[in-house]
Amino acid sequence: MNRKKDGKKGQKRRNSKPENDSSEKPSKKQQSSTHDSKHENVNKPKKSLKNKTVDKLQTVNMSTYIPNIDSPILPGRSNIPQYTTQQMSTPNFTSPTGYYPYGPQPIPNIQPVMHSTMNMGHDTNIKIDNLDRKVEEMLTKLSMLDSFGEKIDKFERSMQTFSSNVGKITDRVGDIEKSLDFINSQFEGNRSDLSDMKSEVTAIRSENNKVAENMQKVQNNLDELQEKHLDLQIRSMRENLVFTGISMTTENEESDTTEGILKLFMKEDMKMETEIDFHRAHRFGQLNERKNRDGTTFKTKPIVCRFKSFKDREIVRKSATNLKGTTFGVSEQFPKEINERRKLLWPYYKEARKQNKKALIKRDRLFIDGKEIKPLPSDIAENTTRREFQSQGARPKTRRRNRRDDITSDETAKTKLDDIDIIDCENFIFKYKNRKKISNYKSGGIAIGYKKYLEHYITVIESECPFVFWFSVKKEIFDFQENVIFGITYIPPENTNYASDEAFSEIEFEFQNFSKNNDYMCLLGDFNSRTATLKDFHEIEDTDDTQFNDISDINVFSDICILDDMNISRCRKNPDTIVNKYGRKLIEFCKNNNMFILNGRFGKDSIGRMTCKNKSVVDYIICTCNVLENILDFEVQEFCRLFSDVHSPLSLTLSCKNKKHSDLATNNFTPKIGKWKCEKTLDFRDNLDGEMIEKLFFKIQSLHNAKENAQKPEVDEVVFDLCNILLKSAETTFGLTSNKAHRHSKKQWFDLKCLKAKKEFRKSKRLCKKYGSNIFKERLRVSELSYKKTMDNAIVRFNTDFRNKMKNMRTKKSQRILETFSW
């Protein structure tokens with residue numbers, strides 16, 4: 001197509017209506033052929049068409065029209081003349097060409113015909129322009145067909161890819177269906193197998209239950225048989241007595257000799273006037289070695305003697321009262337199992353006798369004031385464990401307790417005191433409220449310790465309630481309007497000997513007495529209350545509508561709005577989800593007295609942490625809204641065995657707006673110049689006082705000139721001035737630090753091993769606080785246990801050495817007594 005355009009670009013356009021040889025109009029056939037020739041030139045460029053149009057106009061202007069005389073024109077039709085067009089050489093013609101039948105026609109009749117021909121050429125140009133525009137539109141549309149072709153090709157390729165992917169997916173779906181069919185078949189098989197297994201398990205369970213029931217019956221029968229067997233053993237030993245502490249003549253002592261020794265013992269030591277006859281007597285058990293009062297040793301074994309009647313045995317047993325104060329003993333003989341049970345009952349028997357109660361042990365049963373008392377399950381478990389160790393041929397070491405002259409590890413951990421004891425700790429003052437004032441067996445209580453510089457600001461408040469220890473802190477410390485009253489609380493756990501259902505009532509009674517004149521109240525300690533997430537404040541739903549219909553604001557009866565103003569959550573977070581009886585009483589106490597619990601709500605404990613054995617939350621700090629507004633932080637710290645056996649410490653930080661009293665804690669600190677830094681060497685040199693150096697230089701020169709007469713005070717003064725110059729420059733350059741003076745423990749039992757363990761513990765504590773990873777936590781736990789064990793061993797060694805010194809005091813000079821007690 002483009003080649004055709006280029007080939008016809010230089011050709012001129014012919015006349016649209018060429019004349020034939022007879023000077024007549026072209027026929028319809030010729031017009032159609034002309035029209036076809038026009039269509040053949042449609043795709044020619046626009047420029048060539050315009051050029052041809054101009055040529056046509058020039059040709060038209062140069063044409064003249066002469067009527068055709070040869071044409072058959074009827075008379076009367078002169079209004080439709082026929083003309084022929086001839087080319088003229090010049091625009092103005094002088095002599096017309098052609099043949100005229102009647103001579104030349106007048107020229108005026110030609111002007112209208114020429115005018116109409118000119119109009120026809122103009123219309124033709126317009127049509128040609130329209131045709132050109134259409135041709136251009138067609139060309140643009142034809143050019144778009146090429147891009148459509150490319151897109152169609154891409155579409156065909158994508159459809160081919162799509163069809164191939166569909167085929168692959170179809171294959172995969174087929175494979176999946178096959179695998180699903182296989183899985184379904186396997187599943188059905190497994191389901192049937194599972195149903196069979198369930199039925200078999202059910203049958204096995206039923207059989208197991210039957211077996212368990214039968215075993216339980218067998219066990220019960222065995223227990224009954226064992227009890228019957230023990231009863232028979234007891235009955236068979238009814239006439240037997242066991243004598244201990246009687247020396248042996250030889251290791252292989254015969255029974256006849258033993259009987260003679262026993263008769264002599266009953267007559268001389270037991271002071272029996274009548275001789276009691278018995279069947280036989282012999283020694284049994286383990287050979288023991290004992291000491292006499294004079295220091296000599298002897299070997300002994302227990303002697304069992306069977307009397308002829310129970311009455312004779314009772315006579316001998318009652319005569320054993322004459323052996324009081326000696327190393328001899330007389331007791332009834334029982335089987336081993338009965339003796340183990342009697343050992344468990346013996347401490348209860350002794351305690352009841354000390355409290356002047358009637359106590360009686362009959363076989364393996366204890367009666368106090370006519371009521372049978374049974375040992376605790378923990379004691380039974382401990383005794384069972386001891387028997388298991390003995391049956392395996394080993395027994396764990398147990399430490400003797402309740403010794404007045406020894407301090408064991410249990411005593412150092414639990415700090416049981418009475419009012420006679422005094423706690424001597426450097427720079428600290430301790431006040432305590434003991435459960436028992438004076439007692440041979442010390443019990444627990446509540447204590448407070450504070451530094452000596454706070455002695456004039458803390459006052460202990462005496463009260464009758466044994467569950468709370470009140471003290472007040474002066475308002476000058478915190479710059480409050482009133483003094484702050486704190487109550488250290490300890491409520492014994494439920495179901496214990498010291499438990500009391502009236503504990504919260506007694507605390508609330510004293511709390512209300514103090515709160516009449518003071519709004520700054522705070523209680524903290526071990527409440528043994530598990531509260532979960534119960535609300536500690538009253539809400540509108542908690543009130544009775546019949547009583548509060550006319551009240552517009554329920555907050556008049558509660559300070560809950562304080563929490564909203566401080567952006568503190570009303571709901572507490574508590575990982576312990578259990579609620580006990582004491583927990584409900586604590587919540588009721590908070591609601592009645594407008595107290596708020598800080599645990600799980602404030603400071604670093606906003607997430608909520610366990611406070612006891614990492615299993616429960618029983619330690620709390622509760623306070624009024626006035627104290628709450630001045631709290632900076634609250635935290636449940638990491639558990640430490642040095643401070644408690646199961647409880648984690650609670651840390652409360654209050655704001656101290658009074659700078660005068662906030663500096664009290666730093667008064668005992670000795671200022672110290674900071675460490676030397678090499679990068680500040682030039683600053684140190686610039687800070688040296690030039691005037692003081694010049695004066696010092698003159699002094700040194702004067703001393704040098706009169707060095708023969710120089711005195712020691714003058715030299716000391718020069719050295720003192722030199723030191724002051726250097727110290728002032730160092731103080732200005734490196735600053736001062738207020739570190740505590742390093743002090744070592746003044747306790748005699750605190751040796752080098754304890755000091756080394758203490759340093760390791762403090763280092764592990766710093767690393768754990770800095771990094772906090774599990775590795776450093778484990779290191780802290782190990783160092784903590786090592787430090788505690790080292791101190792306990794040191795205390796035991798010290799007490800043992802002191803006891804030995806006291807025992808050997810009688811063999812040494814009396815001056816050593818003062819050395820022993822010069823602590």
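# Chat about a predicted chain

Modeller: Among contacts in the chain (heavy atoms within 4.5 Å) between residues at least 6 apart in sequence, 65% join residues at least 24 apart. This is a predicted model, so local features need pLDDT of at least 70 and side-chain atom pairs count only at pLDDT 80 or more, while totals for chains, interfaces and linings use all residues. Residues are numbered from 1 along each chain as its sequence is written, and side-chain values use heavy atoms, with hydrogens and water left out.

Colleague: How many helices and strands does the chain have?

Modeller: The chain comes to 21 helices and 23 strands. Those are DSSP runs numbered from the N terminus: H or I with at least four residues for helices, E with at least two for strands.

Colleague: And what percentage of the residues is buried?

Modeller: Buried residues make up 27% of the 823 in the chain. Buried means under 20% relative accessible area, exposed is over 50%, and partly exposed is in between, with a 1.4 Å probe and protein chains only.

Colleague: Switching to α11, what does it pack against?

Modeller: Its buried residues pack against β15 (468–473), β16 (484–490), β17 (521–526) and α13 (581–593). Those buried residues are Ala503, Phe504, Ile507, Glu508, Glu510 and Phe511.

Colleague: How far does α11 reach from its first C-alpha to its last?

Modeller: Helix α11 (residues 503–515) has 13 residues and reaches 18 Å, close to the 18 Å expected. The expected span is 1.5 Å times one less than the number of residues.

Colleague: Which residues of α19 are buried?

Modeller: Cys754, Leu755, Ala757, Phe761, Ser764 and Cys768. They pack against α20 (774–807). The helix, residues 752–771, reaches 29 Å, close to the 28 Å expected. Just after α19, glycine 772 takes a positive phi of about 75°.

Colleague: Now the sheet with β9. What's the strand order?

Modeller: The order is β9-β10-β11, an open sheet with antiparallel pairing. Strands pair if DSSP finds at least two bridges between them. β9 (359–362) and β11 (371–373) are the edge strands with a single partner each, so one side of each has no neighbour in the sheet. The twist averages 35° from one strand to the next.

Colleague: How many bridges join β9 to β10?

Modeller: Four bridges join β9 to β10 (residues 365–368), and leucine 360 stands opposite phenylalanine 367 in β10. Helix α7 (residues 336–354) packs on the sheet, touching β9, β10 and β11, and its direction makes about 165° with that of β9. For such angles, axes are lines fitted to C-alpha atoms, for helices over the stretch in contact, and angles run from 0 to 180 degrees between N-to-C directions.

Colleague: Aromatics next. How many pairs?

Modeller: The count is 18 aromatic pairs. Rings of Phe, Tyr and Trp (its six-membered ring) pair if their centres lie within 6.5 Å; planes under 30 degrees apart are stacked, over 60 edge-to-face, and the rest tilted. Phenylalanine 480 and tyrosine 520 are a stacked pair, 5.0 Å centre to centre with 15° between the planes.

Colleague: Where do phenylalanine 480 and tyrosine 520 lie?

Modeller: Phenylalanine 480 is in the loop between α10 (475–478) and β16, and tyrosine 520 in the loop between α11 and β17, so the pair ties together parts that are 40 residues apart in sequence. Both phenylalanine 480 and tyrosine 520 are buried.

Colleague: And phenylalanine 698, buried or exposed?

Modeller: Phenylalanine 698 is exposed, with a relative accessible area of 55%.
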